[in-house]
Amino acid sequence: MKYALIGCGRISTNHIKAAVANRLEIVAVCDVVPARMEEVLAKHGLEQDRTIARYTDYQKMIEEHPELQLVSIATESGKHAEIALYCIEHKINVIIEKPMAMSLADADKIIALSDRYGVKVSACHQNRFNIAVQQTRRALENGRFGKLSHGSVHVRWNRNRDYYEQAKWRGTWAQDGGALMNQCIHGIDLLRWMMGDEIEEVYGVTKQQFHHYLECEDIGMAVVKFKNGAVGTIEGTTNVYPKNLEETLYLFGERGTVKLGGKSTNAIDVWDFSDETEQDAENKGLFEQTSNVYGNGHTSLFADMVSAILQNRNPYVDAVAGRNALELVLSVYRSAYEAKPVKLPLKECACTDFKGKFDLS
């Protein structure tokens, strides 16, 4: 399958690694900074491969390579929707790094246009493919938790000034969002997915405690009321000293309790069910080794996307899933901005709606 990458920054190495692992034919890479293309290719021993075309203009790349079947987008977040829509209009399937867009209007455009052109879109929430997450999802789908009581996600990470100064778009409302939108959206996606997706109301608080040189929050907390009666809580921050601490997900049901831990929900810390099985013994203490907080899920997500294209089915993590995660983050922002609970679904909301929030507080 003929593939290209747009955006060669921090996360791009996971995309190239996944493309290589899935034996995709890498036709081209694109970035506005040429050196970044060479850096990411060099990490995978591809810097001497001149069959891989290099572009600084993604539109030119798309126009010159109509044979492309799959493109992944790993640029700054504020460019995701624009590039995705252009690819879809050219009938190219796309994997979009999180968040899939910065506004619900753009997310809806992506969904509508992909339906119109029969194009597959996958939102890159790769942690859904973690072994620990998959085992939990299987238990949930098999009814082993019984009725869910509540759940919570904690993303307790560190991002210092050096991180933000590497790219001027980070921490801006137009191109990035804050801790919840950038670092914590994977955990937020898992919480919503596991707890039933349908949300009634969200109450959120955001603050800017230590990163006053940014536009956005460095800590956000929220209470989420799900339509099935369960309650969820969110804690997401980049203020943990001195380094990333954990990303954990708790699920509490009438017949089961699970805690997923590690730096990126890559471990099972607690696994207790009333109907104990032989598999449960293997799950207790499960730990999936990862090289960084992004985990190993990109390779599985790419494999699923290739399969979805070949079998003409929806990807496991589709555009609607991407919109759901985006909506939940935006609802926390809206609630914090208005200082009151917010009812879902949100009709219209964008990150840029909150520009100046912390200038006023």
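I started with strands S7 (residues 148–156) and S10 (residues 231–237), which run parallel and are joined by seven bridges. (Strands are DSSP runs of E, at least two residues; helices are runs of H or I, at least four; both are numbered from the N terminus.) Gly 151 has Gly 232 as its bridge partner in S10.

A note on the source: this is a predicted model, where local features need pLDDT of at least 70, side-chain atom pairs count only at pLDDT 80 or more, and totals for chains, interfaces and linings use all residues. Residues are numbered from 1 along each chain as its sequence is written, and side-chain values use heavy atoms, with hydrogens and water left out.

Next I looked up the whole sheet. It is open and mixed, with eight strands in the order S13-S12-S11-S7-S10-S9-S8-S14. (Two strands pair if DSSP finds at least two bridges between them.) S13 (267–273) and S14 (342–343) are at the edges with a single partner strand each, so one side of each has no neighbour in the sheet.

Then I checked helix H6 against helix H8. H6 (residues 131–141) packs on H8 (residues 185–195) at about 20°, with the axes 11 Å apart. (Axes are lines fitted to C-alpha atoms, for helices over the stretch in contact; angles run from 0 to 180 degrees between N-to-C directions.) H6 and H8 are therefore roughly parallel, a label for angles under 35 degrees. On the H6 side, the contact (heavy atoms within 4.5 Å) includes Val 133 and Leu 140, and on the H8 side Trp 193 is one of the residues.

Last, I saw that H6 also lies across S7, S11 (246–253), S12 (256–261) and S13, at about 20° to S13.

Technical notes. Parallel < 35°, antiparallel > 145°, perpendicular 65-115°, else oblique.
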